[in-house]
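Thanks for coming. I will show one structure and go through a few places in it. Please look at the picture first.

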Amino acid sequence: MTLVFVETDESGQVALTSAEALTFARTNASALLQQLPDGAPDTSREVAAPPSGSTEAVVVGPLSEEAVGELSRLGVSRIHHLESADLEAYSATAWAQALVDIAPETGAVLASGTPRGMELMTHVAVRTGERMAANVVAADEEGLLRQVLGGAAFERLQLGGDLQVLTLAGHACNPEETTPTTPEILTHSPESAAEDLRTRVVRTEVETDADNDTSGLTQARAVVGAGRGVGSENGFGEVLELVDHLGGALGVSRVVTGLGWRPHSEQVGQTGSRITPDVYIACGISGAIQHMAGIEGAKTLIAINTDEESTMVQRADYAIIGDLHEVIGAVNEEIRNRRG
Amino acid sequence: MDILVCIKRIPDISGQITLDASGTDIDDSGLGHTTSAHEECAVELAIQTAAATGGKVTVLTLGPAEAVEQLRAAVGVGANDGILIETEDPGAFGPEDIAQVIGDVIRDRAEGGQSFDLVLLGNDAADTGDFQVPIRLAYDLEYPVLTGIQTLSATSGSGGPGAIEAHGIGPAGTEIFSLELPAVIAVQEGGVDPRYPSITGRMKAKKARIAEYAAPEPGAGNPRIGLELPPDTANEVTILGEGPEAAGALVDVLEEIGVIRS
Ligand SMILES: Cc1cc2nc3c(=O)[nH]c(=O)nc-3n(C[C@H](O)[C@H](O)[C@H](O)COP(=O)(O)OP(=O)(O)OC[C@H]3O[C@@H](n4cnc5c(N)ncnc54)[C@H](O)[C@@H]3O)c2cc1C
Ligand SMILES: Nc1ncnc2c1ncn2[C@@H]1O[C@H](COP(=O)(O)O)[C@@H](O)[C@H]1O
């Protein structure tokens with residue numbers, strides 16, 4: 001069995017990244033389980049095992065009816081609903097131990113490669129004495145393939161062991177629904193060891209100035225990217241007007257945040273946000289691999305750059321060669337004119 | 001507060017990469033080397049925290065002899081000294097091994113009278129991106145561990161090494177943690193701006209005291225079988241034009257995608 005850690009958003013819906021992980025678990029079950037030693041029994045630590053190859057979900061905290069419906073359409077046979085006072089505030093060790101307690105002896109445990117997914121899977125791996133593979137994109141009889149170097153290369157590896165513990169790279173797999181199941185819901189109210197609560201979140205400060213909020217960027221359908229080519233802190237006027245016309249978000253390169261022109265929360269790339277807009281318009285960005293790592297999920301890529309030879313132009317679907325201020329100024333004017 | 005920061009020498013890549021003859025690593029012969037962005041922030045946080053509490057910063061790396069460059073660079077921006085755990089074949093070490101070897105050196109230092117109150121690492125290394133060494137090290141040392149931390153503030157403890165408040169970005173906002181020391185913390189870019197070396201820093205770096213250890217044979221080893229490069233998908237870019245005259249063509253594309261607000 002494959003146990004998937006599922007994250008939900010504020011409205012109780014299954015996060016898109018978790019839907020990807022559930023789809024991956026379901027469609028790659030045999031490849032994942034093939035890695036295990038021959039004839040290993042598929043038993044669970046706490047509860048009787050359903051047939052091998054099944055996908056089970058773990059949800060910590062409130063479980064909405066909507067989420068149950070979505071998990072059913074994603075082919076989940078059983079939902080482990082963890083709700084207890086000890087798990088209310090996030091503590092990686094406490095949550096990980098709760099996962100370990102329901103993980104199969106042999107099988108797979110996975111999460112999407114979000115910060116929590118990464119952290120929890122590593123704790124699960126250490127606590128079960130297994131290896132862990134981060135940012136997996138595929139599984140087959142030869143092992144796992146995972147992203148390294150921010151996506152510029154793939155590592156092939158074999159984890160060995162009895163439990164395949166891994167996180168799935170964002171967008172490695174499209175969420176796909178299947179014949180709905182009637183998931184069995186098991187509620188657990190674990191008590192955590194005091195030691196596992198040492199790293200509990202003591203408080204959460206919801207940002208009021210939005211300076212640290214990346215949700216607009218990661219959810220936007222259109223993102224306008226701005227790089228060093230913008231020229232200065234005061235050069236964002238045209239870019240921001242275009243963002244507004246598109247009802248989108250601004251994303252920037254690390255040079256821009258490094259120079260202090262814009263906050264880090266707007267950075268796109270390996271050490272910034274990974275985005276999945278319908279369109280990404282990269283203005284004055286050269287296309288370093290660490291930046292490209294963040295925009296692989298963009299459906300259409302448009303480059304505006306003075307340098308026709310730049311990687312960004314070469315990788316784009318559409319490009320305009322020219323000064324970004326002039327080009328975007330004209331684009332904004334055109335949009336205003338067409339709107340009438 | 002005495003702080004240890006673990007940094008890793010990595011190739012400085014921005015463009016096309018190629019594989020070496022073994023097919024298990026990238027060919028870094030023509031490349032410069034650096035450390036990960038997260039680790040630069042970890043070094044900066046360590047320098048700030050040590051300054052605020054009157055302590056010292058030691059940087060450590062497990063890597064080839066050349067990795068001394070990265071240790072010296074960290075001394076150049078304000079770390080006090082370095083530890084090189086030398087190996088000719090860093091690629092043979094998996095995350096379990098790296099954590100184990102670092103843990104052993106930390107224990108060795110403690111026996112010698114140098115104990116670290118706080119161990120900082122990067123959240124994930126920019127090359128291998130295993131997301132594991134900090135957590136595995138924490139289990140090895142039996143210290144609590146946090147990941148994804150952007151800023152720190154030391155709070156005075158009673159008697160012992162004290163406590164620390166750490167801030168990171170969670171799904172609902174900034175998450176605040178409070179830990180008794182000693183602890184392991186994995187740092188994420190975004191909370192502090194790494195400083196540049198000063199002239200005196202550069203001088204200091206040249207004379208930096210670097211303690212050397214020989215790395216033992218890796219125990220668990222690296223599960224890597226090989227590396228693959230993404231297929232070179234010949235991409236056909238459509239040039240819409242040059243300069244402002246191309247604006248109309250771009251707006252056509254945006255209308256077609258349907259992202260212009262009415
Ligand atoms: C460990 C590590 C992590 C990193 N993480 C990230 C990350 O998360 N995100 C990220 O973005 N980078 C990251 N980087 C940095 C990355 O390697 C590049 O340095 C950075 O992306 C370059 O930013 P840029 O494209 O804005 O600047 P440059 O590379 O300087 O490119 C500027 C571009 O603007 C064009 N241009 C100049 N003037 C104009 C004009 N008037 N009009 C139009 N075009 C113009 C130029 O032709 C050029 O293509 C990381 C690096 C490392 C080592
Ligand atoms: N060889 C190494 N030497 C020193 N520190 C390392 C080494 N490998 C990893 N680290 C530290 O562990 C962090 C996470 O690495 P990883 O688990 O490989 O993604 C890095 O950012 C470094 O701070």
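What covers the buried residues of α3(B)? Before I answer, please keep in mind that this is a predicted model. The cover includes strands β1 (3–6), β4 (57–63), β5 (81–86), β6 (118–122) and β11 (210–214) of chain B, together with helix α4 (133–141) of chain B.

Now the helix itself. α3 of chain B takes in residues 95–111, which is 17 residues. From its first C-alpha to its last it reaches 24 Å, close to the 24 Å expected at 1.5 Å a residue. Among its buried residues are B:Ile98, B:Val101, B:Ile102, B:Val105 and B:Ile106. Just after the helix, B:Gly113 has a positive phi, about 95 degrees.

Next, aromatic rings. How many aromatic pairs does a search of the whole structure find? Over all chains, there are three. In one of them, the ring centres of A:Tyr90 and A:Trp95 are 4.8 Å apart and the planes stand at 85 degrees, so this pair is edge-to-face. A:Tyr90 and A:Trp95 are both buried. Ring pairs also bring in A:Phe5, giving a cluster of A:Phe5, A:Tyr90 and A:Trp95. A:Tyr90 has a charge over its ring as well: the charged end of A:Arg116 sits there, 3.8 Å from the centre.

Another pair is A:Phe236 with A:Trp261, also edge-to-face, with 6.4 Å between centres and 75 degrees between planes. Why does this pair tie together separate parts of the chain? A:Phe236 is in the loop between β11 (222–226) and α8 (237–246) of chain A, while A:Trp261 is in the loop between α9 (254–258) and β13 (279–283) of chain A, so the parts joined are 25 residues apart in sequence. A:Phe236 and A:Trp261 are both buried. Over the face of A:Phe236 lies A:Arg262, at 5.5 Å from the ring centre.

Last, the ligand. Which residues are closest to ligand 1? They are A:Arg228, A:Ser253, A:Ser286, A:Asn305 and A:Asp323, out of 27 that surround ligand 1. The surrounding residues come from chains A and B, so the site is shared between chains.

A:Ser286 has a polar side-chain atom 2.6 Å from an oxygen atom of ligand 1. The side chain of A:Gln290 places an N or O atom 2.8 Å from an oxygen atom of ligand 1. At A:Leu324 the backbone is involved, with an N or O atom 2.9 Å from a nitrogen atom of ligand 1.

Definitions and conventions. Residues numbered from 1 in each chain as written. Chains lettered and ligands numbered in written order. Predicted model: local features only at pLDDT ≥ 70, side-chain atom pairs only at ≥ 80, totals over all residues. Heavy atoms only, no water. Phe/Tyr/Trp six-rings, centres within 6.5 Å; stacked < 30°, edge-to-face > 60°. Buried < 20%, exposed > 50% of the residue type's maximum accessible area, 1.4 Å probe, protein only. Helix = DSSP H or I, 4+ residues; strand = E, 2+ residues; numbered from the N terminus. Lys NZ or Arg CZ within 6 Å of the ring centre and 35° of its normal. Expected span 1.5 Å × (residues − 1). Contact = heavy atoms within 4.5 Å. Near = heavy atom within 4 Å. Polar contact = N/O pair within 3.5 Å; in protein donor to acceptor, adjacent residues only side chain to side chain.
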